[in-house]
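Dear colleague,

Please find below the structure that I am handing over to you, with its sequence. My notes on the sheets, the helices and the pockets follow it.

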Amino acid sequence: MPPDETLRSRENPLYKRLRALKERGGDRELCLLEGPKLVLEALAAGLAVVEAATSPRAEASPAGASALSALRGCSVPVRRMTAELHASLSDAEASQGVLALARRPVVEEERVFRGTPLLLVADAVQNPGNLGGLLRTAEAAGASGAILTGACADPFSWKALRGSMGSAFRLPLLRGLPIEHALSALEARGVVVLATARDGERRYDEADLRGPVALVVGNEGAGLPEAVRARATARLRIPLAGPVESLNVGVAAALVLFEAARQRGFPLPTAEG
């Protein structure tokens, strides 16, 4: 692109679109990708990237050059911005120089329940970073999908995407169901609903997690409503030492999901690998 086509104004329509998604989110069709790694993850997952903006920083780095080459190879329009304009769209201390808009993935419900389901159900997890981390953990443990209920954060907001590092693109997600409807759908399919509880009747590592199971986790502060805990097929406890009363929702979910993976013979990496 010739130098005189470099975008310099905050009044430019592309800049405004990027800024609106960064500040407000809420777009039902598009999500904002920040950084070359996330752009490459989206392309590899088959997302349709509709347009992108770059700065001299990206063009000068191997990772940025790779992302730009991949974008252009997919015929994605790439516009150049000044470093200052591009940096104003980034919360990173040093902007990575690549931003893009992509269409959100659409998932058929059956994909979530494929095989012997191992599901994460996140109810009203409101912190986008926490939700992104949960999705990343679920994918790493071999989960078949996730169901996001209640006032859950948007998994495709830029903060959640930064936390999931591409997992939200690959892990089949269902959104928008009230928790009661989600539990009914799980019960109708014969999926065992599990919740963690301090006074759970069984240790998490003594439960049989080899069949169809769904782990329900709740809001960071309030946890799961009592009605949801009461409706769970089983409540699992995680032994804790000393005066510690509870674990971060992400840590608790990871323990149970990876225990399920272990029981299912998931090929977890060795210390040498």
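Predicted model: local features only at pLDDT ≥ 70, side-chain atom pairs only at ≥ 80, totals over all residues.

How many bridges join strand E2 to E3, and in which direction do the two run? Strand E2 (residues 49–54) is joined to E3 by 3 bridges, and the two run parallel. Within E3, Arg 80 is the bridge partner of Thr 54.

Residues are numbered from 1 along each chain as its sequence is written, and side-chain values use heavy atoms, with hydrogens and water left out. Helices (H or I, at least four residues) and strands (E, at least two) are DSSP runs numbered from the N terminus.

The four-stranded sheet

E2 and E3 belong to an open sheet of 4 strands in the order E1-E4-E2-E3, with mixed pairing; two strands pair if DSSP finds at least two bridges between them. Strand E1 (30–34) and strand E3 (78–80) are at the edges with a single partner strand each, so one side of each is left without a neighbour in the sheet. On average, neighbouring strands of this sheet are turned by 20° against each other, direction ignored. Angles run from 0 to 180 degrees between N-to-C directions, and axes are lines fitted to C-alpha atoms, for helices over the stretch in contact.

Helix H1 (residues 13–23) packs on this sheet and touches E1, E2, E3 and strand E4 (98–103), its direction making about 95° with that of E1. Contact here means heavy atoms within 4.5 Å. Helix H2 (residues 36–44) also packs on the sheet, where it touches E1, E2 and E4, and its direction makes about 135° with that of E1.

The seven-stranded sheet

A further open sheet has 7 strands in the order E7-E6-E5-E10-E8-E11-E9, with parallel pairing. Its edges are strand E7 (173–177) and strand E9 (202–203); each has a single partner strand, so one side of each lacks a neighbour in the sheet. Strand E5 (residues 118–123) and strand E6 (residues 145–149) run parallel and are joined by 5 bridges. Asp 123 has Thr 149 in E6 as its bridge partner.

H7 packs on the sheet against E5, E6, E7 and E10, its direction making about 170° with that of E5. H12 lies across E5, strand E8 (192–196), E10 and E11, and runs at about 170° to E10.

The axes of helix H7 (residues 128–140) and helix H12 (residues 249–263) come within 10 Å and cross at roughly 10°. H7 is therefore roughly parallel to H12, a term used for angles under 35 degrees. Residues in this contact include Leu 134 and Thr 137 of H7, and Leu 257 and Phe 258 of H12. By class, the contact of H7 with H12 has 8 nonpolar, 2 polar and no charged residues.

The pockets

The largest pocket has a volume of about 610 Å³. Its lining comprises 24 residues, of which Thr 196, Ala 197, Arg 198, Ser 246 and Leu 247 lie nearest its centre. A pocket is an open set of points on a 1 Å grid over the protein atoms alone, where a 1.4 Å probe fits, with protein on both sides within 12 Å along at least five of seven lines; lining residues have an atom within 4 Å of a point. H12 gives the most to this lining, with 3 residues.

Yours sincerely

Methods:
Parallel < 35°, antiparallel > 145°, perpendicular 65-115°, else oblique. Nonpolar A, V, L, I, M, F, W, Y, C, P; charged D, E, K, R; others polar. Points joined across faces, edges and corners; volume = space filled by probe spheres on them.
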